[in-house]
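Student: I've got a fold open on my screen and I'd like to learn how to read its strands and helices. Can we walk through a couple of them?

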Amino acid sequence: MLIPTDLPRRFLAPWLLGAALSAGAAQASDLPVATPADHGIDPGHLTALSAWLREDGLDVRSLLVIKDGELVFERYTDGLTRNHNYELYSVTKTVTALLAGMLIEDGKITLDEDIASVISDYRPDLAERVADMDDIELRHVLSMSSGLAYDFAPEGDPIYYGADDRLDLIADTPTRFAPGSDFEYTDVNPVFAAAMLDAASDVPLPEYAAERLFEPMGMEHYAWQRADDRGLVSAGWGLRLRPVDLAKLGMLLINDGQWQGEQLVPADWIARMTTPQAVRDFGYYLWRQHIVDTEMSYDMMGFKGQFVTALPEHDTVVVMTGMLPIDGGLRHAKNVRLFRDIVNDYVLPALDAETAEAEVAQEALEAELAASLASHPEPGVFVDPTDEPQR
């Protein structure tokens, strides 16, 4: 890459950042890049957003905005690049739900199939222990309405870390309410979901995901880690994707399962996923109107600050990865509240504002993005080895 020698010093760092992003955009697998003003978006709001995060030392490792299928805002910190991937935690669940719809379309499984029947064939050694789960169907584990009440250890539960056999750990899980009658967000559900979908597919679930979803969408550096010693991944955590590939998933929801003209996920399944099931704000492993309540939003949320929000009315997707505080509970953890502020107080106003002095505003935005890239925010939550960005 040739570096121009006639640029003023204060513009050199932004130029380098822009050149790096343009080089990444040249990859056919990535999204096309545009400036905010190209789509009528005010760069000033995005500059203010980035400055707030940087000045407050918030560990937002990536933050992207996609409008009309083009990447208009791409922010990283601590020298990270587009090609780093991240542990997504519960965003993994939404990907699992997409795969479930594909397997249903393939005729491999139905929403009516129950844990007892599927697991008894998949793991005959556990048949007796899951026999009383014959009324818990795939629909229940995907909608967090199974009633299963696994007794989680307060720290270091083996269901998350170092499990020899996750299914063996949860096979005796009792229920606290009738399946389908209530909602309880618990990570015993995605373990059963992973086993049921793994049993239904002709190949291990990560291989099915790569063949049917990741590769067709041009994703790179993906990995589904943290399998147990028998090779079974969880459907609730362990998936690693780049932020730009997370954005593609948001676009897939907005476009009713289509990607570049190809129907990857059935449109009727996207409609089911995005329809409330056991509670008003949760479909099949997908939150809705949880980040934005003034218009429809489809929301993927992961522990410690991993988010994707798709806004169909604006044809916009917002992606964030980070290490942010978790206090406050499932629906209102501090990282959730911070992301709500990002989307509602900065991104939506930027989308709806009238742009002015776009060229000057773009220069200010590029300077701010360069400053953010050079910043080194401290994590706002404990960091596990899997939390480190990878390439």
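Predicted model: local features only at pLDDT ≥ 70, side-chain atom pairs only at ≥ 80, totals over all residues.

Student: How many residues of strand 11 are buried?

Tutor: Start with the general idea: in a regular strand, side chains alternate between the two faces of the sheet. Here, seven of the seven residues of strand 11 (residues 316-322) are buried, so the strand is largely enclosed by the rest of the structure. Thr-316, Val-318, Met-320 and Gly-322 are buried on one side, and Val-317, Val-319 and Thr-321 are buried on the other.

Student: Which strands does strand 11 pair with?

Tutor: Strand 1 (residues 60-67) pairs with strand 11 in the antiparallel sense, over seven bridges, and Leu-64 has Val-319 as its bridge partner. Strand 10 (residues 306-311) also runs antiparallel to strand 11, with five bridges; there, Phe-307 sits opposite Met-320. Four residues lie between strands 10 and 11 in their hairpin, where Asp-315 takes a positive phi near 45 degrees.

Student: Now the helix. What do the buried residues of helix 2 pack against?

Tutor: They pack against strand 1, strand 2 (70-76), helix 11 (334-352) and helix 12 (358-373). Among the buried ones in helix 2 (residues 43-55) are Leu-46, Leu-49, Trp-52 and Leu-53.

Student: And what happens at the start of helix 2 and just after it?

Tutor: At the start, a side-chain oxygen of Asp-42 comes to within 3.0 Å of the backbone nitrogen of Gly-44. Just after the helix, Gly-57 takes a positive phi of about 65 degrees.

Methods. Residues numbered from 1 in each chain as written. Heavy atoms only, no water. Buried < 20%, exposed > 50% of the residue type's maximum accessible area, 1.4 Å probe, protein only. Helix = DSSP H or I, 4+ residues; strand = E, 2+ residues; numbered from the N terminus. Pairing = 2+ DSSP bridges. Contact = heavy atoms within 4.5 Å. Polar contact = N/O pair within 3.5 Å; in protein donor to acceptor, adjacent residues only side chain to side chain.
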